[in-house]
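Hi,

Here is the structure, handed over as promised. My notes follow below it.

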Amino acid sequence: MTQITVPIKNFTKEELTCRCGCGRYNYDTEFLIRLQAFRYMLNIGLIVTGPGRCKKHNASPAVCGVANSLHICEGKAATAADVTNSNCENIYKKACASGLFNEVIWYKKKNFVHLGLDRNQKGNYFQIKP
């Protein structure tokens with residue numbers, strides 16, 4: 001499993017590790033730099049609600065993740081995290097404007113924002129889901 005190789009002041013390995021208990025952690029270095037830069041830009045805390053995931057956890061009923069999820073950290077480095085705080089609207093607007101992520105999805109009812117870096121995607125994918 002990959003070790004954090006860049007200084008990530010506001011996020012711990014524990015909060016970015018798969019939540020099924022497998023202990024899997026493998027994040028793309030550029031994504032971590034962008035996530036930390038976004039945290040500095042917001043100047044307010046972010047809680048990671050959706051970290052990297054092993055394939056089994058991603059496919060579980062608890063997650064229902066898509067097969068090619070950017071969260072998958074098994075066999076490749078994850079390039080996505082779901083985050084929240086007291087103002088998801090602010091997270092969404094600033095993430096879209098930041099240029100740091102090309103996939104930003106605000107799940108209003110679930111109260112989190114998906115931040116992703118999809119290198120295979122042309123252009124930006126910004127969406128608000130109920």
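The fold first. Five strands make an open sheet with mixed pairing, in the order E1-E2-E4-E3-E5. Strands E1 (47-50) and E5 (125-129) are the edges, each pairing on one side only. On average, neighbouring strands of this sheet are turned by 25° against each other, direction ignored.

A note on the source. This is a predicted model: local features need pLDDT of at least 70, side-chain atom pairs count only at pLDDT 80 or more, and totals for chains, interfaces and linings use all residues. Residues are numbered from 1 along each chain as its sequence is written, and side-chain values use heavy atoms, with hydrogens and water left out.

On terms: helices (H or I, at least four residues) and strands (E, at least two) are DSSP runs, numbered from the N terminus. Two strands pair if DSSP finds at least two bridges between them.

E1 and strand E2 (residues 80-84) run antiparallel, joined by three bridges. Glycine 50 has aspartate 82 in E2 as its bridge partner.

Now arginine 19. It sits in the loop between helix H1 (13-16) and helix H2 (29-42). Its relative accessibility is 43%, so arginine 19 counts as partly exposed (buried is under 20% relative accessible area, exposed over 50%, partly exposed in between; 1.4 Å probe, protein chains only). Leaving aside neighbours within four places in sequence, arginine 19 is in contact (heavy atoms within 4.5 Å) with Val48, Thr49, Pro51 and His57.

Best wishes

Methods:
Axes fitted to C-alpha atoms, helices over the stretch in contact; angles between N-to-C directions.
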